[in-house]
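My notes follow in the order in which I looked things up.

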Amino acid sequence: MASQDIKGSKVMMVGAGGIGCELLKTLALSGFRDIHIVDMDTIEVSNLNRQFLFRKSHVGQSKAKVAREAVLKVRPDISITAYHANVKSPEFNVDFFKQFNVVLNGLDNLDARRHVNRICLAAGVPLIESGTTGFLGQVAVHLKGRTECYECYPKPAPKTYPVCTITSTPTKFVHCIVWAKDLLFAKLFGDKNQDNDLNVRSNDGASSSEHSDDVFERRNGEDIECYGRRIYDHVFGYNIEMALSNEETWKNRTKPKPIYARDVLSDSQQNGNPNEESSGSDIVSVSAMATLGLNNPQEVWSLEENSKVFFRALKLFFLKREKEVGSLIFDKDDQLAVEFVTAAANIRAASFGIPMHSLFEAKGIAGNIIHAVATTNAIVAGLIVIEAMKVLRQDFDNLRYVVGLGGPFDTLVIILFGVLVSLLPECYWMTYCNEHPKRKMLLMPVEPFEPNKACFVCSKTPLTLEVDTSRTTLGEFVEKIVRAKLGMNLPLVMHGLSLLYEVGDDLDEDMIKNYEANLEKVLSQLPSPIIGGTMITVEDLQQELACNINIKQREEFDEEKEPDRMVLIGWSLAPSETEKDASLENGESTTQETLLEVEQVEEIVEINPVSRKRKSDDVSDASNSQPSTEVDDTTSKKKEVLVENDDDDLVELDHWNNETGKKARLV
């Protein structure tokens, strides 16, 4: 590729985390001279093991700005513009995106990725999407009208668990972690006035008065040791006994075992040594396990050791961090919080016969962490740059394959962290990184898929909404469908020529009052009634996205499976509010019976299986259930020759067959 194509291009990066750090460095060293980077996040301690542009002194600072400063020290002659902002902010509109030749995503959450996808479609700017999770990774090119867009096919949704499973019948360690983090920790150290199912009260009037009041309220003059024992006995003993009283629940389940402090520890063991606990002044360094001599975070503690950590952590919170009690929120970088949650989860696990886990494992679950691999990020960043070069070349129609060792050969070699990857940059690819070789391949390229004609985003295909128009309000429709499921930020709702709802800074007071009044009305009672058989249009002015929705009247719904009493047909799962609020790098109870969501991701969880294919003659069958791209042994004989060294660090694509001139798809 001519160097002027690179030097004269203007590139936008979204995300300055694990992939973003590697990507910014690779772009700068590859000759790109005008780079813009957007990230709303700040640097955390847990980022430092792989986001190599950051140092401990940078903790708390803007990722985008620090990354810019670090790279400019190496390449001071290039232009890097950093924005410490949310990519969904109004300033990053379609006109803003139009100034770039290509947009490169290094995001970690579905909400922001959908938004960027829609803006790029509206602006007509190529988007290169990417993601890693552990040893797995992927890179995909999205070209408007030529390839599928990011939303053409469903994405995995966060795992949810009914609160009754968490509080009453846990069967997995993750259930115990959610219970310890979102219920117990929040009740003890967060807002005590929040609704919480931990404070079970007996229906028996003769029961001890100990359980008739809020057990989590520390009594006047009560010392910490007594308070700790009361909490321990209530949540691990009394609550379990209350659960066992419902015999119907345990007919086909293994009964849990109540655990009381007296059965595990002596009084002296529960009280601990106050001298040990008073050492250390740095809040971040306060540690219960350190004072107990438990120095290996990968060791699984016994029930006795977990109980000791529970009591010691509880005591340290009130001795060292009393001012924070009542407003604390769990943070995976808070050592004492992680220790408390680990101990509480393990004690509960022991009660329900679930295997206990180490602090290292528990932190990964509680902190939504899949431990990232820096080399995977580096490889994926390199692949992103390769695809960006192809896009800048604009060779959309004349795509060709290399024939044999002596044929036309245009190879780009990138060396990253000692990993040599030799690739052919003459055609666009979706590339998957495997943890283990699949048919002797660690990198698996696949031809981009065509746009999905049923996609409501890029193909403008209408959706269908099943709803009871006589019971559902416009407000419910806007919040649960337009915002939550369709991901629209500045929605507009129209029925025919009638504008029913709109948001914006330019609205006068009368219009705002009128729209607010409409939100309270059921659909069939609106000024322009929405009933079965009608079609409405929803639009996002910022994303320049419009969607038609056919209304189908339906009166009966399954309260458990369809709690919103609305079913949207033709739509791919969108991220929940929990995921939006907890995004890690770029800002990262749905029913009457609350659903607690667990999303175990750090860099990103988005790995599209190769099995999503539209040209069966070019692609072998692959498993839908495995994101690591399993390949059927019955693959066509029309495949390349691979040379691979013993260390699996080198994957070199040497031979490509071109039988009958037909493009082959690598699988």
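I began with helix α8 and helix α13 (residues 303-320), whose axes come within 10 Å and cross at roughly 130°. This is a predicted model, and I read every angle and contact below with that in mind. The crossing of the two helices, α8 and α13, is right-handed.

I then listed who takes part: on the α8 side I found I224, E225, Y227, G228, R229, I231, Y232 and F236, and these meet S307, F310, F311, L314, K315, F318 and L319 in α13. Sorted by class, the contact of α8 with α13 holds 10 nonpolar, 2 polar and 3 charged residues.

Next I followed α8 (residues 224-244) to another partner, helix α14 (residues 335-351), and found that their axes come within 11 Å and cross at roughly 20°. Since angles under 35 degrees count as roughly parallel, I recorded α8 as roughly parallel to α14. Here, too, I noted the handedness, and α8 passes α14 in a right-handed crossing. The residues that make this contact are Y232, F236 and I240 of α8, together with A344, I347, R348 and S351 of α14. By class I have 5 nonpolar, 1 polar and 1 charged residues for the contact of α8 with α14. Going back over my lists, I see Y232 and F236 of α8 in the contact with α13, and Y232 and F236 again in the contact with α14.

From α14 I moved on to helix α15 (residues 359-366), where the axes of α14 and α15 come within 9 Å and cross at roughly 100°. That makes α14 roughly perpendicular to α15. On α14 the contact uses Q335, V338, E339, V341 and T342, and on α15 it uses L359, A362, K363 and A366. I divided the residues of the contact of α14 with α15 into 5 nonpolar, 2 polar and 2 charged.

I turned to the strands and traced an open sheet of 6 strands, with mixed pairing, in the order β14-β13-β15-β16-β12-β17. Which strands stand at the edges? They are β14 (498-502) and β17 (566-569), and each has a single partner strand, so one side of each is left without a neighbour in the sheet. From one strand to the next, the twist averages 25°. Within the sheet I looked at β13 (residues 491-495) and β15 (residues 535-540), which run antiparallel and are joined by 4 bridges; in one of the pairs, P491 has D540 in β15 as its bridge partner. Helix α17 (residues 474-483) packs on this sheet, where it touches β12 (463-467), β13, β14, β15, β16 (545-553) and β17, and its direction makes about 125° with that of β13.

Last, I checked confidence: the chain averages a pLDDT of 77, and 72% of the residues score at least 70. The pLDDT stays under 50 over residues 200-212, a stretch with 18 contacts beyond four places in sequence in the model. It is also below 50 over residues 397-426, which have 77 contacts in the model beyond near neighbours in sequence.

Technical notes. Residues are numbered from 1 along each chain as its sequence is written. This is a predicted model: local features need pLDDT of at least 70, side-chain atom pairs count only at pLDDT 80 or more; totals for chains, interfaces and linings use all residues. Side-chain values use heavy atoms; hydrogens and water are left out. Axes are lines fitted to C-alpha atoms, for helices over the stretch in contact, and angles run from 0 to 180 degrees between N-to-C directions. Angles under 35 degrees count as roughly parallel, over 145 as roughly antiparallel, 65 to 115 as roughly perpendicular and the rest as oblique. A crossing is left-handed if the near helix is turned anticlockwise from the far one by less than a right angle, and right-handed if clockwise. Contact means heavy atoms within 4.5 Å. Ala, Val, Leu, Ile, Met, Phe, Trp, Tyr, Cys and Pro count as nonpolar, Asp, Glu, Lys and Arg as charged, and the others, Gly among them, as polar. Two strands pair if DSSP finds at least two bridges between them. pLDDT is the predictor's confidence in each residue, from 0 to 100.
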